[in-house]
Amino acid sequence: MATKEECRSALEKLSDNMARADHGIRGATGFDRSLSCHITDLDTTFTGRIGDGRIEVLDTHDGPPREKAQIRLAMAGEDLVAMVDGELNFAKAWGSGRVRLEAGFRDLLRLRSLL
């Protein structure tokens, strides 16, 4: 099981990866949206924003998301770490239900290059 610190580090690494991505992928993240990432096994939620090709974590709290973010993720901590480290394929994890992603249709289209 991943710790809260490992999950926060994974989100920071994901943000760094997005910032270094080529123009096509970075263009998909070049929008401003609220984000929540609920780590189910820790019952912890990271909230923040995606903007300028980066993820900014603004808050962490126990329990599920308190407000409905525009982009909502839910997964186990070890799955988050494995995805960011390239050990778990997002599409397969999403298809099998290990990872949940909820967002508006337009946001899903923009995020598809990241997935």
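Helix α3 (residues 77-84) lies across β1 and β4, and runs at about 110° to β4; helices (H or I, at least four residues) and strands (E, at least two) are DSSP runs numbered from the N terminus, while axes are lines fitted to C-alpha atoms, for helices over the stretch in contact, with angles from 0 to 180 degrees between N-to-C directions. The model is predicted, so that local features need pLDDT of at least 70 and side-chain atom pairs count only at pLDDT 80 or more, whereas totals for chains, interfaces and linings use all residues. Residues are numbered from 1 along each chain as its sequence is written, and side-chain values use heavy atoms, with hydrogens and water left out.

**Sheet and helix packing**

- The strand order of the open, five-stranded sheet is β3-β2-β1-β4-β5, with mixed pairing, where two strands pair if DSSP finds at least two bridges between them.
- Strands β3 and β5 (100-103) are the edges, each pairing on one side only, and the twist from one strand to the next averages 20°.
- Helix α1 (residues 4-20) packs on this sheet and touches β1, β2 and β3, its direction making about 165° with that of β3; contact here means heavy atoms within 4.5 Å.

**Strand pairs and hairpins**

- Strands β1 and β2 run antiparallel and are joined by seven bridges, with Gly48 in β2 as the bridge partner of Leu35.
- The hairpin of β1 and β2 has four residues between the strands, and Asp43 in its turn has a positive phi of about 50°.
- Strands β2 and β3 are also antiparallel, joined by eight bridges, and Gly51 has Arg54 in β3 as its bridge partner.
- Two residues separate β2 from β3 in their hairpin, where Asp52 in the turn has a positive phi of about 55°.
- Strand β4 (residues 71-75) is joined to β5 by four bridges in an antiparallel arrangement, and Arg72 has Glu102 in β5 as its bridge partner.

**Second largest pocket**

- The second largest pocket holds about 220 Å³ of space; a pocket is an open set of points on a 1 Å grid over the protein atoms alone, where a 1.4 Å probe fits, with protein on both sides within 12 Å along at least five of seven lines, and its volume is the space filled by probe spheres set on the points, which are joined across faces, edges and corners.
- Its lining has 13 residues, of which Leu35, Thr47, Gly48, His61 and Glu67 are the closest to the centre; lining residues have an atom within 4 Å of a point.
- The elements giving two or more residues to this lining are β1 (33-39), β2 (44-51) and β3 (54-62).
- By class, the lining comprises three nonpolar, five polar and five charged residues, with Ala, Val, Leu, Ile, Met, Phe, Trp, Tyr, Cys and Pro counted as nonpolar, Asp, Glu, Lys and Arg as charged, and the others, Gly among them, as polar.
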